Amino acid sequence: MKKNRSLKKYTLVIIPIIAVSIGIGAFAFSNKQELIDDKSELILGGSPILGNPDARVTLLEWGDYQCTYCYRFHANTKDNVFANFVDNGMVKFAFRDFTLNGPASVLAAEASYCAGDQGKYWEYHDELYNNWEGENTGWVNMHNLKKFATSVGLDMDTFDKCLQSEKYKQKVLGNYKYGQSIGISATPTFIVIDEQGNVQVIRGAQPYSVFEQVLKAKLA
């Protein structure tokens, strides 16, 4: 994963942090905490919210369905984050597309929103990661996307019409453009927002301990 620039356009507040040992090509979380005026702007245009919509802390993932490190977060870390912070109502979670792996990633994201039209965004989201087979290896194709839709119980005529019409293509491309405008340049990038609008960034498929440290600090 490539190193990101810090999110821009916000007032920066420097804070000390604890150094974290990490994997190749990524670093854990920024040495800056940033203040935003309108946290809702960051989650508009993305997924439905999971968890308590009134939770004091928001965890927003910028991701790509083909991304290796996004898959690792989904497979290795997400369940613990949800069990300890989202499912108990302390943190709400949202996902926003950053389709840096190209047209196949855009198509997968479009399919997730088509599933959302039938109330099954998150089921389809998880089905994509559960069937992940690498970056640009060909697994994201119309045949597989329809197979995943069948697996989560979608009405296939409605899903197919949505996908063929490219109903959500501009939304997905708009998410990517907006992400670039605030400094997102790699996936996954997680933005943690407290009720005062303070932002902290976690970059890469970090271990659960990193998320636990940041989220507990935001909730304190």
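**Burial and overall make-up**

I looked up burial first: of the 220 residues of the protein, 50% count as buried. Buried means under 20% relative accessible area, exposed over 50%, and partly exposed in between, with a 1.4 Å probe and protein chains only. The model is predicted, so local features need pLDDT of at least 70 and side-chain atom pairs count only at pLDDT 80 or more, while totals for chains, interfaces and linings use all residues. Residues are numbered from 1 along each chain as its sequence is written, and side-chain values use heavy atoms, with hydrogens and water left out.

I checked confidence next. The mean pLDDT (the predictor's confidence in each residue, from 0 to 100) is 85, and 82% of the residues reach 70 or more. Over residues 1-29 the pLDDT is below 50. That stretch still has 87 contacts in the model beyond near neighbours in sequence; contact means heavy atoms within 4.5 Å.

I noted 9 helices and 6 strands. These are DSSP runs numbered from the N terminus: helices are H or I with at least four residues, strands are E with at least two.

**Cores**

I then turned to the nonpolar cores. A core is a set of buried Ala, Val, Leu, Ile, Met, Phe, Trp, Tyr and Cys residues joined through side-chain atoms within 4.5 Å. The largest has 48 residues, and Val-91 and Leu-215 are among those with the most contacts inside it. Helix α4 (residues 103-116) gives the largest share of this core, 9 residues. Another core, of 13 residues, lies apart from it and includes Leu-60 and Trp-62.

I followed Leu-59 in strand β3. Leu-59 is buried, at a relative accessible area of 0%. Ala-94 is 35 residues away in sequence, yet the two C-alpha atoms are 6.5 Å apart. Leu-59 touches Val-81, Val-91 and Phe-190, among others.

**Aromatic rings**

I found 16 aromatic pairs. Rings of Phe, Tyr and Trp (its six-membered ring) pair if their centres lie within 6.5 Å; planes under 30 degrees apart count as stacked, over 60 as edge-to-face and the rest as tilted. The Tyr-121 and Trp-122 rings have centres 5.1 Å apart and planes at 85 degrees, so this pair is edge-to-face. Tyr-121 is buried at 2%, and Trp-122 is buried at 12%.

**Charges**

I counted 7 salt bridges, each a side-chain nitrogen of Lys or Arg within 4 Å of a carboxyl oxygen of Asp or Glu. Asp-117 pairs with Lys-167, the closest N and O atoms being 2.9 Å apart. The two sit 50 residues apart, Asp-117 in the loop between α4 and α5 and Lys-167 in the loop between α7 and α8. Asp-117 is partly exposed, at 38%.

Lys-218 bridges to Asp-194 at 3.8 Å. Lys-218 lies in helix α9 and Asp-194 in the loop between β5 and β6, so the pair ties together parts 24 residues apart in sequence. Lys-218 is buried at 8%, and Asp-194 is buried at 6%.

Which side chain of opposite charge is nearest to Glu-110? I found Lys-169, 5.6 Å away. Glu-110 is buried yet has no salt bridge. For charge, Lys and Arg count as positive and Asp and Glu as negative, with His and the chain ends not counted. Lys-169 itself forms a salt bridge with Glu-166, at 3.9 Å.

Conventions. Lists of a residue's contacts leave out its neighbours within four places in sequence.
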